[in-house]
Amino acid sequence: MKTSKLSIRLLWYITPLVILPLLFLGGFTLTNVTSSTQKQAELIVSRFVEQQQQKMFNYIDSFHSTTKLLSTSPVLSDFLADDLRYNGNYTRRLGALMDVFASYSEAYPDIISVNLVSPNGKSDAYYSSSLNIAPDSYPFFDQVLQSNLGQQQFMVQKKDGTTSLYFIQRIFSADYYLKRPQQLGFIIVHVEPSILNTSILEAPYNNTLNLLLTNDGKILFSSDYDKRGNYISEYELKQIHELADLGKLSTIELSSIDKVERMIYAVQMSGGYYYVSTIPKALLYQSGRAISLITALIVIISVVTLPLLIFIVVRNLLLNPIEQLGAASHRVGDGDLSVYLPAHNNDEVGVLFNDFNHMINQIRHYQDELKEYKHHLEDKVESRTKALETMNSQLEGAIAQAEQANQLKSRFLANMSHEIRTPLTAIMGFTEQLLHTKKAVNDELHLSTILRNSKHLLELINNILDLSKIEAEKLAVEREPLSVVELVHDIDSIIRPLAQEKQLTFEINYTLPLPQTIYSDATRLKQILINIASNAVKFTEQGQITLDIKYLEDKQFIEFAIEDTGIGMSEHEVERVFKPFEQADATTTRRFGGTGLGLCISKNLAQLLGGDVHLESEPGKGSRFCIQIACHLDENAEHAHAMLTAIEQLTPTKDQQLSFAANSFDANILVAEDNPDNQVLIKLLLQTWGLEPDIAKNGAEAVEMALVNDYQLIIMDMQMPVMGGLEATQMLRHAAYDGPIIALTANVMKHDVDTYLKAGCDEALAKPIDKDALESVLVSYLHIEKDSQSKWDSLLNSDKFQQINENYRSKLPDYLVEVTDLYNSGEWDQLRALAHNLKGSAGCFGFSNIHHGAATLEDNLRGRDHSRRDYLALSLIEAIKYTIQQAKSPKE
């Protein structure tokens, strides 16, 4: 009963929703089919008539042009000369003229005859393609004489109904001395209108009647040959005139022709003629009427069948499944869980059936579980209790691990605090001693102590930063060619003095063959080897340190094994030694010092280099660290087979050049730097190696000097007035300068350095200038030998260096005024440029507080977040004030 009511209601709603749109669509179609048919016919007929009109106009215009061209023929002019009949050339000139007429007739087959007529109507020269004689007169000649037009055309209908075209062109004398030209005659061209006949016979529809009428209603041309020569009534002619003015398709009954109601479109042509195209109205609407009948039939069929079809489809797809689902739900409500709905299509109803079957299965499953729980409740409670106890024990273990990790971190922080405070105490103490004691004793010893503790503090900070980068996966490693012999030689030069200080033996053993060159990161590989080897020296009181090098050909790894006879480690300590926040033994750390980060960093670096670090150790007998690094020889096949096979090859090759001082190497160096203080400082530094550089104040001067002189090395500041170093480098490279260019900049971020290298620089030196980095550049590109540290120290303590340092210090008040003025006036771009200048120059002269303040302010002004720029600008001002005050204090 419910289903029947739903079916009736569904049919009641479906029927009007389907019928009303169909009725509206059918009525709209029937209403618009007639108007659309008429508009389409009007468009077709109008285009057709316009095409025919243009075709006739072009045809007539072409013969007007031909007639005019014929009237200007030189042969015709000679023939019309005054003395023609008296000089004996008449026959010859007449023949020439007839040849011209014949040539035009051959060129235009529609030309029937060409006649030269005198002003009184007499034929002077006549040519006919059909060999007829010249006519005595023309019916339109009186109109020609009365008209002042130079060109005219006439349509003359013959008795047989055919119509001929006549084109008339007046001929005047060429005497320019006459006030009024003399008329010599007329050219009359008789044309058979083939194009007009063809145009009249063309039709856009069947049973189309095309007419060409004169102004008085006479039919000159007609697609119905029998209608030619007839006249239409004045009333019909008037209607045609009106239609021609309107340019519309309209219904008219032409009783003079037949009594059929026609759709007519008319246009007026030149000369007072009318072109008319007519279509029977019944024929025009025949297709529209058929469309209307078909549309009405489709609407009726749709109104009857669509509601029934929709009802049948909806019932099969929706109502029948609802009945099945309702019956099944009723059985489930009565407690029958054996109900199962049959499989259905993969639609929403099928999903509903599957969900219903799944629900029944779950109910049966839960009932079975409920029965089982009733029988085994005690077992379940006991097992749950045991599970809770296991979870509690795991939770306690996790809490213990967390507490242990917290303790390890606290111990690590305490150790780091001790390690950092120890060198800071020495730095601060000796610095205060130098500041407050006017005549300090052993000031060089105090300064060296400050430097040594500063380097130790820098090493601690670098280790922490390296570990942070490794954990953040942001530490990048290079892959460059690396000489194995030179690498081991550098390690030997560092570790052997440390071992000799503790009276330990340091041995290096090579297992040949070894690759001559591997491809890895030299800096990071040295960091690993120095870290582990220095640890071996640190934790060894007596005995020896051994470094074994061999090549694992099957893996293409090079292995460095560092073995010591030190205190060793237990298995538990070996497991913990590579973890970042754990150390082997807190007492050992207090005894020997250190942060415990070195081995963790070394292992991670080795993994980044494609290898790993392994440890074997025994308490009291020593430790053996095995470092394996990937050689990457397959990626560089040209060097893959260069192997070290003899002991003689294990000695580092020396430069072929002799020492700089002994060879008096005259190197031309150009330094491009805009800051005068930095110019003096860099010049003083280069003079340490006996080099006397040329100075350029900006990039433009540097380019000009480099193109004129032959420089072996150019040191280029990147930020200068007039032209920056980046633009100057690019210009030099475009000008084919191939010498080394070293970028000198305070911006040493990786993307900045990459920009300089891409522009053509070979390397980048950071401000403040580092002695080792500058020396490395000079050694690499000028082939000079390294200088001693004592010579560098003597330079820093020289009177000249102290003088330029004092000169720079005297300029700090001016810099203070300039920074303050720019800050107060809000000139942030100029302040950023000044901060960049101070960052480089202050760092070079050792004023680290000004250097860091200027660098921080420049970075903030470069970015988008300017919320801290006021604070940073004031911090820079205070840093300059503090430095000026410190300079005055000793004097006061």
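Two strands pair if DSSP finds at least two bridges between them. Helices (H or I, at least four residues) and strands (E, at least two) are DSSP runs, numbered from the N terminus. Keep both rules at hand for this tour.

The model is predicted: local features need pLDDT of at least 70, side-chain atom pairs count only at pLDDT 80 or more, and totals for chains, interfaces and linings use all residues. Residues are numbered from 1 along each chain as its sequence is written, and side-chain values use heavy atoms, with hydrogens and water left out.

**Whole protein**

Start with everything selected. The protein holds 28 helices and 24 strands. Of its 892 residues, 41% count as buried (under 20% relative accessible area; exposed is over 50%, partly exposed in between; 1.4 Å probe, protein chains only). Contact means heavy atoms within 4.5 Å. Among contacts between residues at least 6 apart in sequence, 63% join residues at least 24 apart.

**Stop 1: the antiparallel sheet**

Select strands E6 to E10. They form an open sheet of five strands, ordered E7-E6-E10-E9-E8, with antiparallel pairing. Strand E7 (219-222) and strand E8 (250-253) are the edges; each has a single partner strand, so one side of each lacks a neighbour in the sheet. From one strand to the next, the twist averages 35°. Axes are lines fitted to C-alpha atoms, for helices over the stretch in contact, and angles run from 0 to 180 degrees between N-to-C directions.

Zoom in on E8 and strand E9 (residues 261-269). Four bridges pair them in the antiparallel sense. Pick Thr 251: its bridge partner in E9 is Met 263.

**Stop 2**

Go to helix H8 (residues 286-333), where Leu 306 sits. Leu 306 is partly exposed, at 32% relative accessible area.

**Stop 3: the mixed sheet**

Next, select E12, E15, E16, E17 and E18. This open sheet of five strands runs E12-E15-E16-E18-E17, with mixed pairing. Strand E12 (505-510) and strand E17 (612-618) stand at the edges with a single partner strand each, so one side of each has no neighbour in the sheet. The twist averages 15° from one strand to the next.

Begin at E12. E12 and E15 pair in the parallel sense over six bridges; Tyr 510 has Ile 549 in E15 as its bridge partner. E15 and E16 run antiparallel, joined by eight bridges, and Leu 547 stands opposite Ile 562 in E16. Their hairpin has four residues between the strands; there, Gln 556 takes a positive phi near 55°.

Cross to E17. Seven bridges join E17 to strand E18 (residues 622-630), running antiparallel. Asp 612 stands opposite Gln 628 in E18. Finish with helix H16 (residues 598-608), which touches E17 and E18, at about 140° to the direction of E17.
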